[in-house]
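Hi everyone, thanks for making time. Please have a look at the structure on the screen, and I'll walk you through it.

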Amino acid sequence: VDDQVNRLWETHGLTRFEAQEEAEELASINKATSERAALKRRIDDLGPINHNAIRDYEALRARIDYTESQRQDIENAQADLEGIIRDLDQSMREQFNRTLHEINQNFNQVFSELFSGGQAQIILEGETDILDADIGIEAQPPGKKLQKLSLLSGGERSLTAIALLFAILKLKPAPFCVFDEVESALDDANVRRFTDYVRRYAWSMQFILVTHRKGTMEASDRLYGVTMQERGISRVLSMVLSSALPYGS
């Protein structure tokens, strides 16, 4: 009996009293033996017992919960960013439309003043979305039909581009502006129109003109030039034109 009690404890971890509490009357010894063999095979099929299974499960469960919370945070952040992007896109469209309208008004006015008539406008081409659309320019100098900028002569294209620059400057004035031979393709009459327009804004903005045109130099307040009187030695010369004028002129 003692051997059976010891075996009961070693095999099943039960005391004699606990075994008696769990005991049931068997209807058939053969059936019980068959069921016991089947249960033993199922237990054997489970393989070695992992005594840390519960602890491993709890650790894995905690890791899964943490990962899910991180994923939820990322999804929430993604939704927030998508909302911000939509708001920015809408704000950009509204601001672009407003700015384009103002520049168009200035552009048409400056173009008409520089050409002594005519009209010009900025148009959106291609995509229906204004943020993806191409920007085109249509201009109609006096006596000509409205056409694309690429169909104008070189001088007309230059003067149209200058008109667009001044239209943008009227909207967003800058402390100073550098023009690098923008009037090189203009004839003398249009150079005079260009310099007259520059002088009109000279009181509120400083213009630096890189040029080789005589008309532009004559309209300037101060000239700077580079000369090389000796080989390999450059000198910068400057002249205030107002001081070079005859007295009383």
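This is a predicted model: local features need pLDDT of at least 70, side-chain atom pairs count only at pLDDT 80 or more; totals for chains, interfaces and linings use all residues.

**A short tour of the model**

Let's begin with the pockets: the largest pocket holds about 1,200 Å³ of space.

Helix α3 gives the largest share, with nine residues. Sorted by class, the lining of the largest pocket has twelve nonpolar, five polar and nine charged residues.

While we are here, a word on helix α1. Is α1 buried, or does it lie in the open? The helix covers residues 2-12, and of its eleven residues the number buried is zero, so α1 lies largely in the open. Just after α1 comes G13, with a positive phi of about 70°.

Now to the second largest pocket, with a volume of about 570 Å³. It is lined by 19 residues, and F207, L209, S220, D221 and R222 are the closest to its centre. At least two lining residues each are supplied by α6 (188-201), β5 (206-210), α7 (214-218) and β6 (222-230). Strand β5 provides the largest share here, five residues. By class, the lining of the second largest pocket splits into eleven nonpolar, five polar and three charged residues.

Next, the salt bridges. How many are there in the whole structure? A search finds nine, and I'd like to show you three of them.

Please look at D221 again, one of the residues closest to the centre of the second largest pocket. D221 forms a salt bridge with R199, and the closest N and O atoms are 3.3 Å apart. D221 sits in the loop between α7 and β6, while R199 belongs to helix α6, so the pair ties together parts that are 22 residues apart in sequence. R199 is partly exposed, at 44% relative accessible area.

Helix α6 also takes part in another one. The side chains of D188 and R213 meet in a salt bridge, 3.0 Å from N to O. This pair links distant parts of the chain, with D188 in helix α6 and R213 in the loop between β5 and α7, 25 residues apart.

D129 pairs with R93, and their closest N and O atoms are 2.8 Å apart. Here again distant parts of the chain are linked: D129 is in the loop between β1 (119-125) and β2 (134-140), and R93 is in helix α4, 36 residues away. D129 counts as partly exposed, at 24% relative accessibility, and R93 is likewise partly exposed at 24%.

Let's stay with helix α4, which runs over residues 53-115 and contains M92. M92 is part of a nonpolar surface patch, together with L81, I84, L88 and L131. Together these residues have about 450 Å² of accessible area. M92 itself is partly exposed, with a relative accessible area of 43%.

My last stop is the backbone. Most residues other than glycine have a negative phi. Which residues here have a positive phi without being glycine? One of them is S116, with phi near 55°. S116 lies in the loop between α4 and β1, and it is exposed, with a relative accessible area of 53%. Another is E181, whose positive phi is about 55°. E181 is in the loop between β4 (176-180) and α6, and counts as partly exposed at 33% relative accessibility.

Notes: Residues are numbered from 1 along each chain as its sequence is written. Side-chain values use heavy atoms; hydrogens and water are left out. Buried means under 20% relative accessible area, exposed over 50%, partly exposed in between (1.4 Å probe, protein chains only). Helices (H or I, at least four residues) and strands (E, at least two) are DSSP runs, numbered from the N terminus. Patches are made of residues with over 30% relative accessible area and no salt bridge: like charges are joined within 9 Å, nonpolar side chains (Val, Leu, Ile, Met, Phe, Trp, Tyr) within 5 Å. Accessible areas come from the Shrake-Rupley method with a 1.4 Å probe; for residues, only the protein chains shown count as cover. A salt bridge is a side-chain nitrogen of Lys or Arg within 4 Å of a carboxyl oxygen of Asp or Glu. On a 1 Å grid over the protein atoms alone, a cavity is a set of points where a 1.4 Å probe fits but cannot get out, and a pocket is an open set with protein on both sides within 12 Å along at least five of seven lines; lining residues have an atom within 4 Å of a point. Grid points are joined across faces, edges and corners, and a volume is the space filled by probe spheres set on the points. Ala, Val, Leu, Ile, Met, Phe, Trp, Tyr, Cys and Pro count as nonpolar, Asp, Glu, Lys and Arg as charged, and the others, Gly among them, as polar.
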